Each structure stands twice: as structure tokens, then as C-alpha cells.
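Hi everyone, thanks for coming. Let me put the structure up so that we can walk through it together.

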Amino acid sequence: MTDVAFETPARVRLREGGKIQQVASAQDASILLHSADWPVDRIQLHNAASEAADEALGGRGAAKDAFNAFVIAATEVDILVEASSGENRKTSRVFFESSVRTKPHGGSSVRDVDTVDGACEILIDWPHAKRGPYYQSAREVVQAALGGTATPHQAREAFVALADHTGVMIDRGAE
């Protein structure tokens, strides 16, 4: 097995107040995913991340796929601190567990929203005349998720509620 470095490392905190760990490669991800330190029972997203990391290590998968699967699994169990880019540290896109397919603002183009940032972009462009309580609620939860005080799951649910209420949702994705 050959270790495959991630383009950007992910940083995780396994326990409240615990030390932040850097996950910089498929091997780092695999070790953590297979360890007893993983914070909860093994779930589908965890298993997918383990498989993606192992495939990257075996040369059968891409490092980017292993990284994305790891970030999604770490986000689901609320241990992701950030994904950083060397000295230019910035929060990476935090992925939803599944995408939400929309036709924003009644247009003809279809957009798959699969990140908290993607939901934020749509909310920024939301027509002012159509902003009501569902919009306000979704905006607050999405901003809280960007700030780390709400989970991506909560942001997705608020965004789905808005999209469903306003009729711009085509497909919820796998629930």
C-alpha cells in the first residue's frame, strides 16, 4: 500500500476540548476511521469513507474521493474543525450528506446543492421580494453552519424546507 497525500489536510477534534489532529493523507484517514477513537458507532458514511481511503491506499481510488468521503463522515459526527490549505488557512466547503436538486428562482437551469456554501450562494441570490420566514430561518441556520454553531445536517434540513415551501426543489437526494 502506498500512502496518498490529500491536496489539503483536514483538521478534526475527536473530543470536546481535545487536541486537534491533522489528517493529511489517505493513510491518516484510514488509521483514524479504523481506530477505536472514532466518536460513534460505524455508520454508512463512515463505512464509505473507510472504503474510499482503503481504495486510495491500494491504488484503486483517488485521493480527492478519499478526502471528500472523510470530510463528509467527519462532518456527520461533528468532529471536523476545518480543511485547510497550508498557510492560507480557510474553512473548506462542508458537504451535505446528500445533494438537493433545485431550479433556483423559477429559472430553467438545474442546480445540485451539495454544500453549506452552495446553499449560502443560492440564499444570497434569493429575490428580495420572495424573502419570508422560511428564507429567514434557512439563512440563519446556514450562516450558523458556516460559523460552526449548527451542523451541515441542520443547514440542509432548513434549506430543504425553504426549497420545498417555495417550489424550487426538484429532488431531495438520498435521505
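**A loop, a helix pair and a ring pair**

Let's start with Lys130, which is exposed, because its relative accessible area is 55% and the cut-off for exposed is over 50%. Please keep in mind that this is a predicted model. You will find Lys130 in the loop between helix 4 and helix 5. Its C-alpha lies 8.8 Å from that of Thr166, although 36 residues separate Lys130 and Thr166 in sequence.

How do helix 4 and helix 5 cross? The crossing of helix 4 past helix 5 is left-handed.

And who touches whom? On the helix 4 side we have Val116, Asp117, Ala119, Cys120 and Leu123, and they meet Tyr135, Ala138, Arg139, Val142, Ala145 and Leu146 of helix 5. Sorted by type, this contact has nine nonpolar residues, two charged and no polar ones.

Last stop, the aromatics. The model has three aromatic pairs. One of them is Trp38 with Phe70: the ring centres are 6.2 Å apart and the planes stand at 65 degrees, so this pair is edge-to-face. Trp38 sits in the loop between helix 1 (26-34) and helix 2 (44-57), while Phe70 belongs to helix 3 (residues 63-76), so the pair ties together parts 32 residues apart in sequence. Trp38 and Phe70 are both buried.

Terms used
Residues numbered from 1 in each chain as written. Predicted model: local features only at pLDDT ≥ 70, side-chain atom pairs only at ≥ 80, totals over all residues. Heavy atoms only, no water. Phe/Tyr/Trp six-rings, centres within 6.5 Å; stacked < 30°, edge-to-face > 60°. Helix = DSSP H or I, 4+ residues; strand = E, 2+ residues; numbered from the N terminus. Buried < 20%, exposed > 50% of the residue type's maximum accessible area, 1.4 Å probe, protein only. Left-handed = near helix turned anticlockwise from the far one by under 90°. Contact = heavy atoms within 4.5 Å. Nonpolar A, V, L, I, M, F, W, Y, C, P; charged D, E, K, R; others polar.
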